[in-house]
Amino acid sequence: MINRRAFLKLGAISAATGLVTGSILSQARELPHQGGRGFSPTTGQRRRSVPSTCYQCVTRCPNIIYTENDRVVKVEGQPNSIRTEGVMCAKGQGAVNQVNDPDRVLYPMRRVGKRGEGKWKRVSWDEALDELAGRLKTLRDAGTPEKFMFQYGRMKASTSKLVKSVFLGTYGTGTIGNHTSICEGGKWTAHELTWGGHYDNWDFDNTRYVLNFGSNVFEAHTNHIPTSPRLVRAMAERGVKLVTFDVRLSNTAAKSDEWVPVKPGTDLAVILAMCNVVMREDLYEGPGEAFLKFVKVTRRHDATLEEKIVALKEHFAEYTPEWAEQQSGVPAVTIQRIAREFATTHPACLMTYRGAVAHYNGNEAERAAQTLAAITGNIDNPGGRCKAVGAGWSYPHGPKNKPKSRKLKIIDGPPGLAAVPTHHMSHYVMKMIKDGSWGRPDVYMTYKYTPIYANGEVAENVEILKDESLIPFYVNINPFYDESAALADLILPEPTFLERWDWEDMVSPVQIPEYYIRQPAVKPLGETRDFGDVVCDLAERMGMPLGFKSKEEFVRLSCEMTPDVKAVGGFEYMKKNGVYHVPGSKPLYYSYTKEIPAGKYVADGVIYDEDTGVYWNWKKAHHHSESEARAKGYAHTKKAFKAYVGQRIGDKVYQGFKPDALNKSGYFELYSNILEEKGHKPRPTWMAIPEHEKMGPNDLYMTTYKVGVQIHSRSANCKYLTEIYHDNPAWINPKDADKRGISDGDAIRVKSPIGEVETKARLTEAIRPGVIAISHHCGHWQYGRYASGNKSPSGVDTDPDTKRIWWQEEGRDGKGVHPNWIIANAPDPINGQQRWMDTVVQISKV
Amino acid sequence: MASDSSKKTLSRRQFLKVGAAAATTAATLPATVASATTKQSIHYAMVIDTRRCIGCHACSVACKTEFEVPLGESRSWVEYVEKGIFPNVRRSFLPRLCNHCDEPDCVDVCPTGATYKIASNGIVDITKDICIGCGYCIQACPYGARFLNPETGTADKCNFCLHRVSEGLVPSCVNTCQGRARIFGDINDPDSEISRVLATNAVSVLRPEMGTKPNVFYIDADHTDERDAERYNTYVRIDTHRRQKRRV
């Protein structure tokens with residue numbers, strides 16, 4: 001028996017460790033300063049430490065970099081970070097290998113010989129930038145700046161603002177491609193259609209139940225370390241249940257209380273059926289019902305609660321668990337039981353990722369997931385699925401008078417192929433260039449992006465990028481000689497992320513923003529120059545100075561302009577401490593319930609839109625008159641969302657779920673007038689995957705995945721990571737293998753409609769029969785010795801480990817295969833997301 | 001498997017302290033442990049709570065970088081055990097390192113005394129200057145924890161990050177562990193976190209039949225090996241994630 005005093009103490013401790021359900025814990029967790037010390041194991045000398053930020057993956061965890069004699073020797077997590085609490089993943093630890101890689105690009109290189117032939121001439125920066133500035137200036141002065149196409153992979157926060165908003169904005173090109181559609185852009189579009197902005201934070205610290213569709217959060221996630229350890233903690237310390245739907249036993253599935261091996265592409269059916277259970281069994285009553293006030297369920301925005309409930313019941317009536325069992329192979333009783341558990345254990349957190357969304361029906365899977373979370377009252381609440389919170393930096397915007405940008409319409413795919421590709425269709429850029437109907441760039445520049453390797457249809461990508469008649473001049477900005485750099489005309493050497501400046505702003509798991517910076521731990525190697533510095537230089541050469549001379553200056557000015565950061569000492573504080581959050585900040589939940597004061601919506605230019613219930617500012621929406629604005633209406637005015645003021649619900653006006661990319665209302669929209677007008681179903685609706693509908697008896701589903709020790713395409717040169725994971729035999733269930741006479745380790749041929757690859761079979765019970773899985777990361781043919789066995793043109797022989805790449809030795813594991821050779825570039829018809837998981841293949845023993 | 005000193009039961013008050021200790025980050029050692037490194041009574045050990053391990057390999061890579069371990073060798077690694085028949089299949093994770101045994105075979109066979117157990121703290125270490133690289137210890141270790149370092153020509157293995165521990169820091173693998181699955185400390189100190197964890201959990205060690213008395217204790221470890229596939233007529237696959245593919 002515990003006496004009262006002990007009991008009270010227990011309560012206090014529990015509050016600090018997260019044992020009390022429903023309490024908001026992040027306030028209690030202020031970490032003592034403990035990091036920043038490291039010692040050499042050979043000399044015992046203290047190592048120099050630099051607080052900085054990882055950039056192995058997009059999570060961008062604050063870290064501490066240790067150096068000895070100006071060489072990076074070690075990286076650790078930043079213990080003062082409220083996002084990571086000082087832990088760091090394998091990839092982050094492996095960052096040491098990025099900076100010390102023996103196959104880096106060390107100086108600007110100009111192609112001699114044929115494109116892709118591998119013959120290079122070392123050139124000076126002056127020579128390289130004079131040529132580049134000359135070409136860009138010519139395009140700009142001819143009034144065709146859009147013929148300069150820029151496309152990026154890894155570019156966020158300060159680099160994004162400096163390069164995209166300031167430099168490219170000042171230059172005048174809007175032909176800016178990204179890579180989001182090959183990540184999870186489709187998930188973000190579904191968010192923009194439902195709750196306005198994009199990104200969901202899973203509040204594991206406060207949750208009581210976690211339901212996961214297709215996220216491998218324990219190995220790979222865009223906010224990996226801020227979330228994964230918190231989920232471990234919730235499970236280990238509070239007994240939180242984790243249920244994972246996945247076609248294979250990922251490490252996340254393996255650590256789950258329950259793994260449900262769902263048929264590929266049918267997560268949507270399961271989620272719809274769970275909505276059916278919730279509505280049919282009245283499990284929405286309580287938090288779900290209360291939340292419905294902010295939800296739009298019908299075409300009309302002013303439906304009553306009763307009307308909303310009736311509409312939801314009617315909509316989901318056909319999606320019974322029995323129906324979903326037919327689609328997904330998951331027993332109806334399992335669907336029903338999990339739906340009940342999820343709906344009755346409040347708060348509960350609904351996770352989704354590429355397993356659910358990188359499909360033909362991915363947009364609907366994510367909208368259905370949003371629906372399930374909404375009708376159980378698990379949206380933007382402690383313990384639920386929350387709207388993302390990140391640091392809001394101020395920064396210099398560069399020259400005031402920027403030209404109106406011009407762009408080639410090649411970044412969203414052919415017109416109509418996807419209804420609302422708000423995150424573009426990067427996997428279609430090569431096809432669009434080949435087609436030529438919408439123009440072609442004269443100068444194509446990629447920044448930390450490998451169009452060859454990262455997209456599907458590798459063979460076509462190579463063919464197009466090699467063709468000088470399609471792409472006359474290709475500039476590749478890269479720390480490494482990867483598969484795309486090998487096809488460039490000019491390579492500009494970029495430092496690794498351990499040698500450069502940035503401010504950072506990634507999403508906080510505790511709903512409190514964290515400000516943090518990246519700073520160089522060592523001088524950039526060789527002649528490498530931060531692209532942020534390079535664009536300042538280029539701008540000068542083109543006679544359009546940006547107002548600052550370097551990325552460092554941009555970061556410093558941003559620190560001085562950002563009130564929270566300036567208040568504690570600005571740039572100097574950040575250089576010393578690396579991270580900052582305002583002490584005592586309250587976690588941000590329920591932001592949609594904020595009421596808008598009358599002064600804001602009874603104001604000059606603000607009008608009420610009857611159709612949507614939105615207050616919007618017609619002047620900000622660039623209308624000429626109020627009558628013109630009223631005639632056109634909020635929903636049909638171009639980019640009217642930028643003029644959104646608030647949402648009237650009943651007799652009050654709320655901030656609501658503020659639109660961020662589309663002209664949606666301020667409701668949480670389960671009924672999308674936008675999709676309806678585009679000819680799609682307004683409410684989340686079952687969509688069968690065409691390829692899966694016509695599968696023959698010998699066909700298999702092929703899916704892809706990522707592992708915990710590699711980044712998609714930018715880590716295979718990290719020797720310590722690749723030593724652990726360098727080979728990716730296809731996972732296949734022994735049942736499927738037996739039928740084809742395939743044994744473990746056999747060489748197999750995998751054939752899709754667009755090509756075939758050879759790999760090995762890994763017979764495992766850890767995958768659903770009928771499915772094979774081949775990971776990303778492997779099968780490089782450039783990028784350096786650890787990745788591919790090929791030395792880069794500027795590679796050095798100073799690392800003795802280049803002689804010890806045991807996995808590439810005869811008879812050993814080998815370097816694996818890249819699945820993208822046989823995956824078509826194909827979009828989700830609603831949001832344009834690349835459909836990584838829909839490929840149908842046949843396999844045979846070689 | 002806990003040592004005698006940690007077997008005594010905890011009072012309620014101590015139990016509450018366990019919670020408090022667990023709440024703090026494991027980035028540094030408690031002051032008591034750090035200052036005690038000069039005393040003679042320390043017995044360092046590690047508990048690995050596999051329930052909190054997600055097989056992420058952060059420990060392995062942290063170790064590789066801390067010591068610049070040459071490719072092909074490892075001081076610290078994580079094994080995966082996959083077993084069962086679909087859909088009743090599981091994968092568990094077993095982090096591995098030197099066990100710093102109380103009765104280490106490696107010490108017994110060393111002809112020069114290079115491999116020894118540090119009397120003041122129990123860590124098994126190697127004096128590189130007098131190691132002749134004969135490899136006896138590598139053969140003798142029942143855990144495959146040792147290797148011949150191609151750079152130095154001497155035996156090598158985990159030493160619980162002695163250079164960090166003597167500065168009051170936890171070993172590098174403990175520092176980075178995502179799930180906070182690793183608890184390092186002095187099991188002679190009944191108030192240490194590790195002593196409390198050992199006293200309140202069932203633990204096991206690897207290959208206890210070897211009689212080496214390991215000091216790495218596991219909570220909920222899966223000891224399945226390949227022989228179990230035949231024994232129980234099921235599927236078992238073990239991945240060592242190192243050059244040495246066979247689990248030792």
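So, Lys83(B) sits across from Val236(B), which belongs to β10(B). Strands here, by the way, are DSSP E runs of at least two residues, and helices are H or I runs of at least four, numbered from the N terminus. What I'm showing is a predicted model, where local features need pLDDT of at least 70, side-chain atom pairs count only at pLDDT 80 or more, and totals for chains, interfaces and linings use all residues. Residues are numbered from 1 along each chain as its sequence is written, with chains lettered from A and ligands numbered from 1 in the order in which they are written.

Okay, the sheet. β2 of chain B, residues 76–85, pairs with β10(B) in the antiparallel sense over 4 bridges; pairing takes at least two DSSP bridges. Altogether 3 strands of chain B make an open antiparallel sheet, ordered β3-β2-β10. β3 (88–97) and β10 (236–239) of chain B are the edges, each with a single partner strand, so one side of each has no neighbour in the sheet. From one strand to the next, the twist averages 15°.

Then α3 of chain B, residues 58–67, packs on that sheet and touches β2 and β3 of chain B, at about 160° to the direction of β2(B). Axes are lines fitted to C-alpha atoms, for helices over the stretch in contact, with angles from 0 to 180 degrees between N-to-C directions.

Now, the interface: 55 residues of chain A contact 48 of chain B, contact being C-beta atoms, placed from the backbone, within 7 Å. On the chain A side, α1(A) gives the largest share, 6 residues.

Methods:
Contact = placed C-beta atoms within 7 Å.
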